[in-house]
Structure formats: C-alpha cells, structure tokens
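Q: Before we discuss anything in detail, could you show me the structure so that we can go through it together?

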Amino acid sequence: MAFRFNDLPLDIVFEILGNLSPENIIRLRRVCHRLRDASYERSVWDKAYKHSELLLPEGPFSSQSSSQLEALLVRATKVSRAWTSSRPPILTRRRFPRALPTYNFAADVISGRFLQLAEENGIAWYDLDSSNVRDPVLTYSCPAVNTISGYMTYQTNANGEGPGIVWVAFMALLPVLRMWVPRSLESFYLFSSWASSVVLKVAFDTKIGHSVHLHAEIAAENVTKIIMDFDWLLTIREFRSPNEPLNLVHIPSMTNVYVPLPEQVQVLSDLNNLNYIISPHLLFLTVSLRDETLVEAYALPKKPEQSSHKRLVKSHSGIYPHAISSIQLVGTFSPTSSAFLACRQFQLSFLSLVYVHRSPGTWTSKIGLHMFDVTIDPAGMLLFTTQCQGTLNVGIASTTLSFSASRSNCLAVTHSTPGPVLLAHHIRREGSGCTMGVKSVKLPEGLQSRDMLAFDGFRGRLCLINGWTNIEVLDCT
C-alpha cells in the first residue's frame, strides 16, 4: 500500500517544519491546506526559534504567540540578508519630527525602540515603532540635566525584572539654595553648584502603560563619566591623588564599594587611556599603553548589601598585545570540556576597537576591530585569544562602535568621522573560532551623519544625528 503524506501524524509534521528556515515554513503554506494549518502551529515556531542561528532576542517565551515568533524570525531573516549579502543594505529613512538645540541635548535608543531624549529641563521617551513619534510616551521633569556626552547611560533588565524594566542614570547640576549658605561663604556659593547622579527606574509596558520613578540621587563631584551595567553604577571622576579610589554603587541596595586606580594612572590625563567593563561577576579596567593594553579584573561582591564601603581587590591581570581604544562585553561563554570546568575557568568575549599599523615614532595609526575571548584562569592570569579581526580603512578618525549579539551571531556598525564612514560587520562564532564579514553602508541622499546614536541588530535599526540638530532613523527593508 502506497504511503501518503496525509498519513503522517501531526506531531511528526510539526517536528519537520520546526527544523526548516522561516522562509521555507512560509513557502509550504502554498502546498496544501494541511501544511498551511500546520505552519501556524505555535510549537513549529517555538522549535524554529530555538534552533535558529539568526540574531534573535532572548526567547521564546510562553507568553509569545506563534504570530509573534514568526514575525521575529522573519525580521531577523531580512536583517541577516541585508548585513551579509554582497549588496549594500537598503534602508528606509525617517526623521524625528522636531529639530533639536545644537549640542544641548543627549539622546540614545533603548532596545532599538524607545528614543531617550534629554534636554536641560528633563527627559522624554518616544516610541519609534509608533505612528505618532512626535508625542512622548513618557516624560520626567528635572532642571539642569547635564547633556554633555558621557553623563547619561541606561541598562535594560534592571534588577533582573525583564527587558522592559530599565535603569536610567544621568548627571544633574543642582544649584545651592541661598538659605543653606553661610553668609561668610555666600559670594562663593552663588557661583557654584552641587552635582548628583540621578538614577531612574523606567518601565516600558504597552499593555498597562509606561511609568518612571526616582530610585536614587547620589552626591557627586568632579565627575567625568558614568558607566552602568548588571545593576552597578561606576562614577569616574577627577582625582587629586592616584590613591583616590573610584565609587561603585550597587543600584538595588544602594551599597557603595571602592575601586582602586591602576598603578599606571598617576596624573589626571591618564584617565583618557582607561576603559571600564562591568560583567556579571567581574569589573575590568583596561589601561591602553602605546602598543599594548593592561587589563585588570576585580571580583564584584556576591552579596553587595553586606559589602558596604569595602575596597575591591584585584584578582586577575593580563596584557592584550594592542592598544585598545574602546571595548565592550559581547557575552559569557561556558566551556564544554570537563577539564576546563574542573579548573573553574570561564570565558568572556569582547568586541574592541584597537590601534593598528602605527607609524614609527608617531601616533599615526589605523583602527582595527577585534573580537577576542578572555579566559579567567584560577592562577590569576587573564588569557587572551583573538578570534577574528579586521582593519577599518579610516586612518586617524573618531570611531564609535555599536552592536547586537546573541548565541553565535553578532551584527555591528562602526561609524568613523570625518567622512563619515559607516561599515556593517557580521561576526559569526563557529566552533572554537569566529569569522568576520564587512561591507560599506551607503547613507540616503543628503544625509550627513555627525554621530551614531545606536544600532539595534534585532530590529535592523540604525539611528544617527544628521548635521547638528536632526535625528534620523534608518530601518532595514
């Protein structure tokens, strides 16, 4: 008796479909009614999501319907094709419908969707997925917001409460009230102000509504930059002596610990050569020297609320054989070998901009993009393995990097000025190594980007500052 497709049990049909690409699942809807009905089954898209090698946000979750999972996979397929094909990506252009004050604003894009715009009188958030981008979905009033670069940051998944819960930190200049000032010091204080680091907790929820509330205000003085990740806020400030530590605050418990400066930092200008990376368990400090970078790791307290005012102790150190310009954490990877696990080692992966091709006797150089792993060795050493690298043909330039990563995929954009030069990078982890592809991004006619605000590889969305006062949103089609 001949076997017929209709004799296959539905669970086997679902299993087969779940192993196909999103494009092929959708194509099979044209074959017959049975395959069409099966292609809408949630278990099919759940399996396809789990097995996909595309760049996808964390998931799937039980709350996500089959249509939502399908939409995410289809979008990821389009973005991947735009970034990895030989043709330049096609980008649709939208302009934020309000000109902004020259220089006097700070902006970012949270999760590729919510434009965070800070001006002197407060902060507003706009939904870039909405048909009405002109009106903010949420506002927070605060006088004297410091809009200088480096004084505002954010972190999603605040306190582990999900991607829609966000810490937002910024610097505010708080004028001293006349009634608080002793008469003998009044003339001095009338021309000065106190500063504070303000931490907000923002909830983006399209069902019950968005909300924002003040979590904390932290007194700050002579701050040059703030960094936040994994519920820690690091305040970098000017110092009078290299023995002065940096302040690191655990945001949920508001516990303060101290981070010593590396021995190589002796004068204020040395702060320009420092980078800081907060990981789940370690704080990394990198000191860029002429042809190499010293990397130090400090263990974060497991119970921050019991570690108030303690000084962190350096646990690991190593030298990366290039001078790092900027560095960002891509992810933590678990080793597969039992011997590796027995030694209690673990790996972190970093994406960094480095100086390469230096001219003898000068600082003239080109910029390189490196993906490298750092192995945390129990003997106290940091072991570096460069997985892939490329040289950006931009000479001496101001270059910024933005990326999205998940599992084995990373999509990145580098923006270099003057020019500007925009490059799309596709990095794929395969086994014990990585491959890196790169191609140019052609901007729409008439767009002269000054800065890159953000790139979100999950949405295929690139946000730029055009000229001095316009924000442009470019989406992959």
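Q: How many cavities does a search of the whole structure find?
A: As a general idea, rolling a probe the size of a water molecule over the atoms shows where empty space is left. Keeping in mind that this is a predicted model, a search of the whole structure finds 1 cavity of 30 Å³ or more, and about 40 Å³ of space lies in the largest cavity.

Q: Which residues line the largest cavity?
A: The lining consists of Ile277, Phe284, Thr286, Val295, Ile324, Ile327, Phe350, Phe372, Val374 and Phe384, and by residue class it divides into 9 nonpolar, 1 polar and no charged.

Q: Which strands each supply at least two residues of that lining?
A: They are β15 (282-288), β18 (323-333) and β20 (366-376).

Q: In what order do the strands of the open sheet lie?
A: In general, strands of a sheet pair through backbone hydrogen bonds, either parallel or antiparallel. Here 4 strands form an open sheet in the order β14-β15-β16-β17, with antiparallel pairing. Because β14 (274-278) and β17 (314-320) each have a single partner strand, they stand at the edges, and one side of each is left without a neighbour in the sheet. From one strand to the next, the twist averages 20°.

Q: Over how many bridges do β16 and β17 pair?
A: Strand β16, which covers residues 293-299, pairs with β17 in the antiparallel sense over 6 bridges; to locate one of these contacts, look at Thr293, whose bridge partner in β17 is Tyr320.

Definitions and conventions:
Residues numbered from 1 in each chain as written. Predicted model: local features only at pLDDT ≥ 70, side-chain atom pairs only at ≥ 80, totals over all residues. Heavy atoms only, no water. 1 Å grid on protein atoms, 1.4 Å probe; cavity = no way out; pocket = protein on both sides within 12 Å on 5 of 7 lines; lining within 4 Å. Points joined across faces, edges and corners; volume = space filled by probe spheres on them. Nonpolar A, V, L, I, M, F, W, Y, C, P; charged D, E, K, R; others polar. Pairing = 2+ DSSP bridges. Axes fitted to C-alpha atoms, helices over the stretch in contact; angles between N-to-C directions.
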